[in-house]
Amino acid sequence: MKSARLLLLFIFFCHASLLSAQVSLTATQGNTTGSFTTLKAAFDAINLGTHKGNIVIQINANVNETASAVLKQSGYNSVSNYSGITIYPTVAGLTIDAGSSAEPTIDLDGTTNVMIDGRVNATGSVTDLTILNRGTSGHNRMSAIRFINGASGNTIKYCTLKAGSIEEYTGIILFSNGTSAYGNSYNTIDHNNITALSDTYRPANAIYSSSIYAPNTGNIISNNNIYDFLRKDGNSYGIHLSSNSSQFTVTGNSFYETTSFVPSNNVTIYYSALRVNSSGSGFVISNNHIGGSAPLCGGTPWTKTNARNNSFIGINIESVGSTVVNGVQGNTIQNFNWSNSSVENWTGIYINSGAVDVGTVTGNTIGAATGNGSISITNPGTGAEVYGIRKTGGGVVNIRNNIIGSITTSNSATAGSRIYGISINTTSAAVTISDNTIGSTDAGTSNSLWASSAATASSQLVYGIYVIYGNSGAAISRNIIAGLTSASTAAGFGVGGIYGIHCSGGSGGSFAISNNTVRDLSCASASQNIDASSAAIGILYSNTNQVVNSITGNIIYNISNTNAGFTGAVMGIYYGGSTTANRMSGNFIRDLSVSGSSTAASLYGIKIA
C-alpha cells in the first residue's frame, strides 16, 4: 500500500511539474515526457530525436522566446521521427513572444502534420493563443509563422498572429521557398485573427507567398479575420500570393479596419485586400468579405480620411495562368467610406491577365442591391474612376450573376468622377457578361450608381457596362441595369453622358447584345452635342469594323435628362457600326424623356449613324 501511494505521489508531482513548466510535452516514443521554458527548447529536443511518435505540446504560461523556434522535418539528421505534432494552450490568453527577433517566431522547416491550435485544450471555438514577432524593419523574415523548405500538410488555427515588418517580401504568415526544391503545399490557415503588431507598426503583407524553385500550391486560407493590416507609409496587402504560388483556396475570410485609417505620408500608395500576381492557376477566391469595421463587412464603414491620396482594389487578380480556370465567387465588398486628398481610383474586383470566372457559380456583391452609399468615394479633384468589376489584359473572362450597386462618388462642385459597373478594356480577351444586376431593381431605391457632383467644369460619366477595344468580341446578355444617375450640369462634348451599355473600338470580333433590361437612367447635363459622346443612351454600339453584330431582344425604358436647358439627345439605342449584315430586332424601347422646358432637345428610339 505504501509503495502504491509513493507511485501515485510520484505520478502527481511529475504531472504537476509538467503543467508548471511554460511548455510541457508528451510523446508516444522515445522520452515520453519533457518540460521546457521555451517552445524553441521543445523543438530542439524533437529535432535531436529525444521525443518521437505522436507528440503533444502544451503551452501552460506565457513564453518568451530568445531565438526562433525552428522545427525540422521528421527524419531530420536521421534521428527525429515524429508522426504528428499538436500544440495548444492549457490556459486562456497566453502569448508566445519572440521579442524583436529578425527571424520568425515559429519556423516550420520542411515539417509535415504539425497543428498549432490556439483553443484552450484544443476544444471550443475561442481564439486564446497569441503568437507575435516584434521586429519592425531591416529583415524580411520577421514573421509570426514561416513555412519554408517544403513544409506541407500543416495547420494553424484559432490563433492571434501579429507582426509589423514593413519589408516587401515578408508577412505575418510567410510561405517561403528557402533553399529547398520543394514548395510549401496543402497547409491550412483557418479561423485565426491576423493583424498588425500595433497601429504604428503595420506590415507590408498580412499573408505572403512566394517561391523561387518550386510552387507553393494547394494551400487553404479560410475563415480568418484579417484586420488593421494596411501599412501606412507604403504599398500593402492583406493576402499577397506572388511568384510560384498556385491553386490556393482563399475562402470565408473577413478584411476590415476597426478604426478610421490615415496613411502617414504624401506619396501615392497602393492598397489591396487580396492580390494575386503569379503565373500559377487554379486559384479559388470565394465567400470573402471586404469592408466595414468588423467581420462580415459589419460595423461602421471602412474609413480612409482625405489626408492622403491612395488607390484601392478589393480583389486584385493582377496575373494568373490559364491552365486551370481561376474562380472569383461569392465575395462581398461593401461598407466603405474612402476619401482622397486629390484624385485616385477605387476598384472592387480587378482582373488583368489570365482565365478567370467571376460569379459564374455564386455571384459577387460589390456595394449592395438596395439603398445608397454602401460604397462612398470622395475625390476633391476631377478624373477619378470607380469600378465595380474591371478587366484589362488577355485571357478569357466570364462575368455572371454579380450585383453591383449602392455606389456614390462625390467631388467638389466643379469636379467629377467616372463610374463603371463593369468595365472591359482589352485587345485580346473573349468576354461573356451575363445575368448581372448593375444598380438596383428595388422600387424604393433611386441613384444606385450615383455620380453626385454637379461637375460644372469637368467630365462626369456613368456606365453600367463598358466594353472598349474588344478584338475578340463580347456576349452581353440578360443583364439588368437600373437606377444610374449623373448629377453633372456641365455643357460640352462628352462631359455628362450616362450609358446603360457602351461598346466601342476594336479591330475584330462580333458583339452580341441580347435580352438585357436597361431602365431608369437619368442625367442633368446641359450638353450641346447630339452625338454618342454626350447623351443619355440605353445601349450604344460604335465600331465600323466589318464584322457581324447583333442587338436583339433588349428592353429599354425610362431614360431621361432633367436639365431645363438641355439641347442634346436621349436615345434608346445608338448604332454606329459597319455596313456588314448586322441584326437589330425585337428591342422594346419606351419612355424616353427630357425636361418640358427643353424645347431644343431630341429623342431617338433608335439612331443609326
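Predicted model: local features only at pLDDT ≥ 70, side-chain atom pairs only at ≥ 80, totals over all residues.
I then looked up the count of aromatic pairs, which comes to 23. From these I took F229 and W302, whose ring centres are 6.1 Å apart with the planes at 85°. I noted the pair as edge-to-face because the angle is over 60 degrees. F229 sits in the loop between β20 (225-227) and β21 (236-241), while W302 belongs to strand β28 (residues 302-304). The two are 73 residues apart, so I recorded a link between distant parts of the chain. I checked burial next: F229 has a relative accessible area of 0% and is buried, and W302 is also buried at 0%.

My next entry is Y463 with Y499, a stacked pair at 5.2 Å centre to centre and 15° between the planes. Y463 is in strand β45 (residues 461-468) and Y499 in strand β48 (residues 498-504), so this pair ties together parts 36 residues apart in sequence. Both Y463 and Y499 are buried.

For charges over rings, I found the charged end of R590 over the ring of Y557, 4.1 Å from its centre. I also found K607 over the face of Y604, 4.9 Å from the ring centre.

Last, I looked up the largest pocket, which holds about 210 Å³ of space. It is lined by 13 residues, and Y169, S176, N177, G178 and S210 are the closest to its centre. I sorted the lining into 5 nonpolar, 6 polar and 2 charged residues. β14 (173-176) and β17 (205-210) each supply at least two lining residues, and β14 gives the most, with 3.

Technical notes
Residues numbered from 1 in each chain as written. Heavy atoms only, no water. 1 Å grid on protein atoms, 1.4 Å probe; cavity = no way out; pocket = protein on both sides within 12 Å on 5 of 7 lines; lining within 4 Å. Points joined across faces, edges and corners; volume = space filled by probe spheres on them. Helix = DSSP H or I, 4+ residues; strand = E, 2+ residues; numbered from the N terminus. Nonpolar A, V, L, I, M, F, W, Y, C, P; charged D, E, K, R; others polar. Phe/Tyr/Trp six-rings, centres within 6.5 Å; stacked < 30°, edge-to-face > 60°. Buried < 20%, exposed > 50% of the residue type's maximum accessible area, 1.4 Å probe, protein only. Lys NZ or Arg CZ within 6 Å of the ring centre and 35° of its normal.
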